[in-house]
Amino acid sequence: MHTGWRRAKPLLPPGVRAAVAIHGLKLRALEVWARLEARLAALPASGRAREQLARRALALVAKFLLLAVLPFFVLVRVSVFLYSHDRYPWLLALAAGVACMLVLVTAYGAWLSHRLTGRARALVVARRVALPLVLAYVGYALVYVSGVNAKSERVRAYYTSLHPLLRVALSTCILFDRDIVITDAARRPVDYTAMGLPANDGSLHARQRDGYAHAADLRTIGRNAVKNRLVQLYFWSMGFGTLRHVGTADHLHVELPVP
């Protein structure tokens, strides 16, 4: 006999759910690629047919990955553009980025609902699925960074001193590259003394007039050179300033220009 109750499923933190969702998308892309490889291997030894199928496979995987990345790209790029170029207050700029991301996630959900049930149900998807997911992810990005992605507890403690748009951009980058390590964030005058460096009033690592630091440093030593270049390209394309410091303190300096 049934007891009439079911054991409640444990709830995962929002950031973990987002990471699991991205991991699921990656696995789905790999599954599609594996099926296409199997079909390719089953074809006769026709070079032309194999080449055509390979091109179709690459195009399909590229589209899938593009659709997976697009909502996060829009969230960061729209927010930074409105803040840096149109001088929107950061909260309003972030709200615009969130709205754009919400529209995309809703469109994905409505398309999937239509394929499964024959009905799009865009409003239901937006209210019950897209909005909670988007708000949970942005809230997670604003307040939390894992100890794995921070060089020290000091850096982790200073994470919320970074500008909110920089935090969202960093968290999004970490979502796709789990090996990223933030080596430096906000600095106070005493921090320069502790590091044996002269105080630099013009540094964006220091708190600006809005109360936030506008710069962070990322580890490049011990990482693949291609990965480092892709991370730099990501921040550049999002509208951030980047500078690669080489030498004994090799790192990537990322800053959000002050309007």
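This report walks through the overall fold of a predicted model and then a few of its local features.

The model is predicted: local features need pLDDT of at least 70, side-chain atom pairs count only at pLDDT 80 or more, and totals for chains, interfaces and linings use all residues. Residues are numbered from 1 along each chain as its sequence is written, and side-chain values use heavy atoms, leaving out hydrogens and water.

**The chain as a whole**

Let's start with the big picture. The protein chain holds eight helices and four strands, which are DSSP runs numbered from the N terminus (helices: H or I, at least four residues; strands: E, at least two). Along the sequence they follow the pattern α-α-α-α-α-α-β-α-β-α-β-β. Of the 259 residues, 37% are buried (under 20% relative accessible area; exposed is over 50%, partly exposed in between; 1.4 Å probe, protein chains only). The accessible surface is about 15,900 Å², with 64% of it belonging to carbon and sulfur atoms; areas come from the Shrake-Rupley method with a 1.4 Å probe, and for residues only the protein chains shown count as cover. Taking contacts (heavy atoms within 4.5 Å) between residues at least 6 apart in sequence, 64% join residues at least 24 apart.

How do helix 6 and helix 8 (residues 225-237) cross, and within what distance do their axes come? The axes come within 11 Å and cross at roughly 145°; they are lines fitted to C-alpha atoms over the stretch in contact, with angles from 0 to 180 degrees between N-to-C directions. On the helix 6 side, Ala-169, Leu-170, Thr-172 and Cys-173 meet Val-231, Tyr-234 and Phe-235 of helix 8. These contact residues divide into six nonpolar, one polar and no charged (Ala, Val, Leu, Ile, Met, Phe, Trp, Tyr, Cys and Pro count as nonpolar, Asp, Glu, Lys and Arg as charged, and the others, Gly among them, as polar).

| Residue | Location | Relative accessible area |
|---|---|---|
| Ala-186 | loop between strand 1 (182-184) and helix 7 (189-194) | 4% |
| His-251 | strand 4 (residues 251-255) | 15% |

The C-alpha atoms of Ala-186 and His-205 are separated by 4.8 Å, although these residues are 19 residues apart along the chain. Leaving aside residues up to four places away in sequence, His-251 touches Asp-217, Leu-218, Thr-220, Leu-243, Arg-244 and His-245.
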